[in-house]
Amino acid sequence: MSNAELKSSASSRSIPASGDFRCPACRARQPVQDACRRCQADLTMLAKIHRRIDYLINNPTSGNDAELAVLIASDRGTPE
C-alpha cells in the first residue's frame with residue numbers, strides 16, 4: 001500500500017486530528033495529551049500512538065507503510 005493510500009485510509013477511518021480527540025473514559029473533547037483535562041485518565045499510550053501516526057503520515061520514508069497500516073488498524077480506542 002502506498003503512502004498516499006495510507007493517508008486516504010487514515011482519513012476514511014476517522015483518525016482524530018489533534019484538536020478533535022475524545023477521552024475514551026469521559027468523552028471530553030480535547031487536544032491529544034497524556035492525561036484527560038476533565039477526568040485525569042492516563043492517555044499516555046493513546047497519545048503516543050497518535051503522535052506516531054502523525055509522524056508517519058507527515059514524514060514519508062520507505063519502510064514506514066507497514067507500521068502505519070498496523071497503527072491505523074489498531075487505533076480504535078477513541079470512537080467518535
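## Surface and overall make-up

The protein exposes about 4,800 Å², of which carbon and sulfur atoms supply 53%, the accessible areas coming from the Shrake-Rupley method with a 1.4 Å probe and, for residues, counting only the protein chains shown as cover. This is a predicted model, in which local features need pLDDT of at least 70 and side-chain atom pairs count only at pLDDT 80 or more, while totals for chains, interfaces and linings use all residues. Residues are numbered from 1 along each chain as its sequence is written, and side-chain values use heavy atoms, with hydrogens and water left out.

Buried residues make up 32% of the 80 residues in the protein, where buried means under 20% relative accessible area, exposed over 50%, and partly exposed in between (1.4 Å probe, protein chains only). Of the contacts with a separation of 6 or more, 41% are between residues 24 or more positions apart, a contact being heavy atoms within 4.5 Å.

## Fold and helix H2

Three helices and two strands form the secondary structure, in the order α-β-β-α-α along the sequence; helices (H or I, at least four residues) and strands (E, at least two) are DSSP runs, numbered from the N terminus.

Helix H2 has 15 residues and reaches 21 Å from its first C-alpha to its last, close to the 21 Å expected at 1.5 Å a residue, the expected span being 1.5 Å times one less than the number of residues. Its buried residues are Leu 46, Ala 47, His 50, Ile 53, Leu 56 and Ile 57. Met 45 is also found in H2, but counts as exposed at 58% relative accessibility; its C-alpha lies 9.9 Å from that of Gln 33, 12 residues away in sequence.

## The salt bridge

A search of the whole structure finds one salt bridge, defined as a side-chain nitrogen of Lys or Arg within 4 Å of a carboxyl oxygen of Asp or Glu. Arg 51 forms this bridge with Asp 34, the closest N and O atoms being 3.3 Å apart. The pair links distant parts of the chain, 17 residues apart, with Arg 51 in helix H2 (residues 44-58) and Asp 34 in the loop between strand S2 (29-30) and H2. Arg 51 counts as partly exposed at 42% relative accessibility, and Asp 34 counts as partly exposed at 39%.

## Cysteines

The search finds zero disulfides, a disulfide being a pair of cysteine sulfur atoms within 2.5 Å. The sulfur of Cys 26 is 3.5 Å from the closest cysteine sulfur, in Cys 36, which is too far for a bond. Cys 39 is likewise in no disulfide, the nearest cysteine sulfur, that of Cys 36, being 3.7 Å away; Cys 39 counts as partly exposed at 35% relative accessibility.
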